[in-house]
Amino acid sequence: MKAQRAVAHRPPRVRARTTSIAAFVVLAALIPTTASSAPGTRETDVELPYVCTLPSGPLAATARITAEFPERAAAGEAFAPSGVTTSVQLPAEAVADLAARGAGEVRAATRLEVAVAQGTAGAKATWRGGAEPVALPESGPLTLVSKGDVPSVVGRGDGDLTFTAGALSIDLALDAANPPAADPAATATAAHADAAGPGSGSLTVDCTLAEDAPGQGLLATVPVGEGGSPGPSGSPSPSRGTGESGESGESGAPDPEARGDREDGRSDGSPEVLETAPGAAPDRDDVPPCRYDEQTPPTDVSLNAYVTGYANVNKMDGAAYLPPSCLLIEQGLPVDGPPDPEHIIFDTVSWANFHYQGRKQTPPFPSTFLSFDFAPVKATMVLEQTGPIRIDSRIKLRLSDFTTVTDTYVRAPLVAHVTELEVNGTPLDVGPDCRTETSLTSVDPDPAHHPGDHLVLYGRGEQLIGQEATGYLLLSGGTLSGETSIPAFTGCGTADGEDLDRLLTASVSGPGNHIKQVQGQTCAIAAPVFPTPETPGQCTEDLQPYEIPVAER
Amino acid sequence: MKKNTRRSAIVVCAAASALGLAVGPSSAVPSTVWTVTPSPAAFKATNVGNIVLTATIPMTCTVSGAEGTMNSATGNPGDVADITTMTFGSSASPCTSVLGNVTTTSVVPWDVIAVDYNASTGVTKGHIGNVKAQVTAGACKFTVVGKASATYTNSTGVLAVSSVVGDLSVSSSPAPVNCGSVVTTATKPTFKGNYAVKVKSTNAIPTIVGSNP
């Protein structure tokens, strides 16, 4: 992902510097860690040898890692490598392994352990990436190209900050292309396989850095502070999203002494946590509570659930990450739908509200990035409701074969509100009312019955007789998607009276922005289902949603 | 009402297509002695293929199981087994429907009732009796009660449950709540699926033989 297009939308240089920073900060709130190709960065392009364990045994592979790092950072300054791409080339033997499992196409997600070290202090980050599905080649090697955002890092003192690649895990989702000849015996213990059936399933391939890797896997060195010499104290730390802050790196860490300080990583010298790395389910401690209370008492049809996901911002060629947000839902009662000669139809209207600290909004979602002059910037936004969220579900039972389908439309009137900005730790006031003029809008499939501006998300659940239900269902969750236009911004201005509306509108507002949200299993307050050997948990003991969903791109 | 008629038709149709349903002529002389081997003995049963519960809309369970004790019995019908544990779904594989995940809690004991034995095929016909299960899908809750027609085949150890319309009903006390028009007391649920029965201690297939000495 690149930010050059945003650059093209920047105003002439006659604008004040604060204006430029503020504008870019807001944009960056929508696209964490996607700044790239800016002056003052340098690109890392490293090809490393790995040994990957496949069902047939260990095989040599290569991983090419490209990313952009700042040429220099200040002590205490947050930054994140941008444009991180991991290209893994698996040999033909690996392709044969996958083909033997009936796969014709694979979708890969990568997890690269990266040791971050400064002097004797170390920390470990996980760089996650996702790849588009690729067909298995008929001959030759298989190349998987994954991309993703990575956690921010703060160097606590002066000295070189090193990034060193370690273990690499590749999660493969296998899809059949042709009738397979799956061999269950091919499921070796070394590779974790979970075949869902012939020609489909999943496989995790663990790879270790080869002993002869150049530089022992060193990816980049970023000088921090005035000098480049190692500093005496402080542990660099990635964001909490890794869940591993404070741990020293893998064997690839340049300084074997790094382990000595691993326990100190969360000491008083630890940096502020900046963002949650996408791709992993956050800990419950890291998500806002989602429960009914005295101000919002439950009824006998009350449900709650978390929702999380991404919203693209086309003009920025990037995506905003919405962290798990609480929805309180009043489940509707199904009523008979319209007559249909081929189906029995039930319609249900449910209503929902976001719930965050008593307000009908998402939690603030902070994002951190580097502006062009590498001042660390933290921006915060919320999505605020301007009315209740309506959820229309239609169950259609086909009489000919008893196939049942549930189509669900979620209509949410939501404005995007920029609440806070910090540049280099200094708050920058954009005013209390910096938000989109109207709700995010979508083309409604039934505008006559659903007038007004609102976002529309759609999900479909389906069940063939005798088989499991799949897809999105309000009660059990799933993926909702849609497309939205981001309206013009209004009310955005600095304390000295500078108007930022036009700048934001030109840079962010526009049509065709894809949204993908994942809703978790609901908890029914009046009929809670707790985890048992027979039942997956739907509710925690204090009646919060048991499931915290993971955002998907 | 027209729509109700159509719904009944669906259930009938679904029942007729069920696996293992073998409604045939009764034996000339009804069995009054039911010899279960071994007896008494603890048994366990696990599903073979998916279990489908239908209450207007189908619900599928990929995991289901039963445990209990079996005993030889006399009389017709004969109570040849008590089911003391009956589960639908697991923590990893909940039962699903287009409403969402469905949780079914069985109120046991259930009974296995033998009615007719065909000596030439080794198949016992009868039903699962005293069925009672509380079903929830989100805020929708209802209770299913009644029986479910079934057959047991000695050669395979398969208990084929295939209820017919009228076997099961939706309880009016407690009545369904928050299910709207999908599930009402007029709904005719069905329960279909096959279970492999084993003697718990030996994994052997038990047999049921009916006779009239």
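Guide: Two strands pair if DSSP finds at least two bridges between them. Keep that in mind as we look around this predicted model.

Visitor: In what order do the 3 strands of the open sheet in chain B stand?

Guide: The pairing in this sheet is antiparallel. β5 (73–74) and β15 (207–211) of chain B each have a single partner strand, so they stand at the edges, with one side of each left without a neighbour in the sheet. Strand β1, residues 33–37, is joined to β5(B) by 2 bridges, which meets the cut-off of at least two. Reading across the sheet, the order in chain B is β5-β1-β15.

Visitor: Which residue in β5(B) is the bridge partner of V33(B)?

Guide: Strand β1 of chain B covers residues 33–37 and runs antiparallel to β5(B). V33(B) lies in that range, and its bridge partner in β5(B) is T74(B).

Visitor: How many residues does the largest nonpolar core have?

Guide: Nonpolar side chains tend to be buried together in soluble globular proteins. Here, L327(A), V80(B), F142(B), L159(B) and V161(B) have the most contacts inside the largest core. Its largest share, 8 residues, comes from strand β16 (residues 318–330) of chain A.

Visitor: How many residues of chain A are in contact with chain B?

Guide: On the chain B side, 33 residues take part. Strands β17 (335–336), β18 (343–354), β21 (389–398), β22 (404–412) and β26 (455–463) of chain A each supply at least two residues of the side that touches chain B. By class, that side of chain A has 24 nonpolar, 13 polar and 4 charged residues. The number of chain A residues in contact with chain B is 41.

Visitor: Within what arc do the buried residues of α4(A) fall?

Guide: Helix α4 of chain A spans residues 501–508, and L503(A), L504(A), S507(A) and V508(A) are buried. An α-helix has 3.6 residues a turn, so residues three or four places apart point the same way. The buried residues of α4(A) line one face of the helix, because seen down its axis they fall within an arc of 100 degrees.

Visitor: How many other C-beta atoms lie within 10 Å of D206(A)?

Guide: D206(A) sits in strand β12 (residues 200–209) of chain A. Beyond its neighbours within four places in sequence, D206(A) is in contact with T53(A) and S169(A). A residue needs 20 or more such atoms to be buried, and D206(A) is partly exposed because the count is 18.

Visitor: Over which residues of chain B is the pLDDT below 50?

Guide: For chain B, the mean pLDDT is 89, and 87% of the residues reach 70 or more. The stretch you ask about has 34 contacts in the model beyond near neighbours in sequence. It covers residues 1–26.

Definitions and conventions. Residues are numbered from 1 along each chain as its sequence is written. Chains are lettered from A and ligands numbered from 1 in the order in which they are written. This is a predicted model: local features need pLDDT of at least 70, side-chain atom pairs count only at pLDDT 80 or more; totals for chains, interfaces and linings use all residues. Two residues are in contact if their C-beta atoms, placed from the backbone, lie within 7 Å. Helices (H or I, at least four residues) and strands (E, at least two) are DSSP runs, numbered from the N terminus. Ala, Val, Leu, Ile, Met, Phe, Trp, Tyr, Cys and Pro count as nonpolar, Asp, Glu, Lys and Arg as charged, and the others, Gly among them, as polar. A nonpolar core is a set of buried Ala, Val, Leu, Ile, Met, Phe, Trp, Tyr and Cys residues joined through C-beta atoms within 7 Å. A residue is buried if 20 or more other C-beta atoms lie within 10 Å of its own, exposed if 12 or fewer, and partly exposed in between; C-beta atoms are placed from the backbone. The arc is that of the directions from the helix axis to the C-beta atoms. pLDDT is the predictor's confidence in each residue, from 0 to 100.
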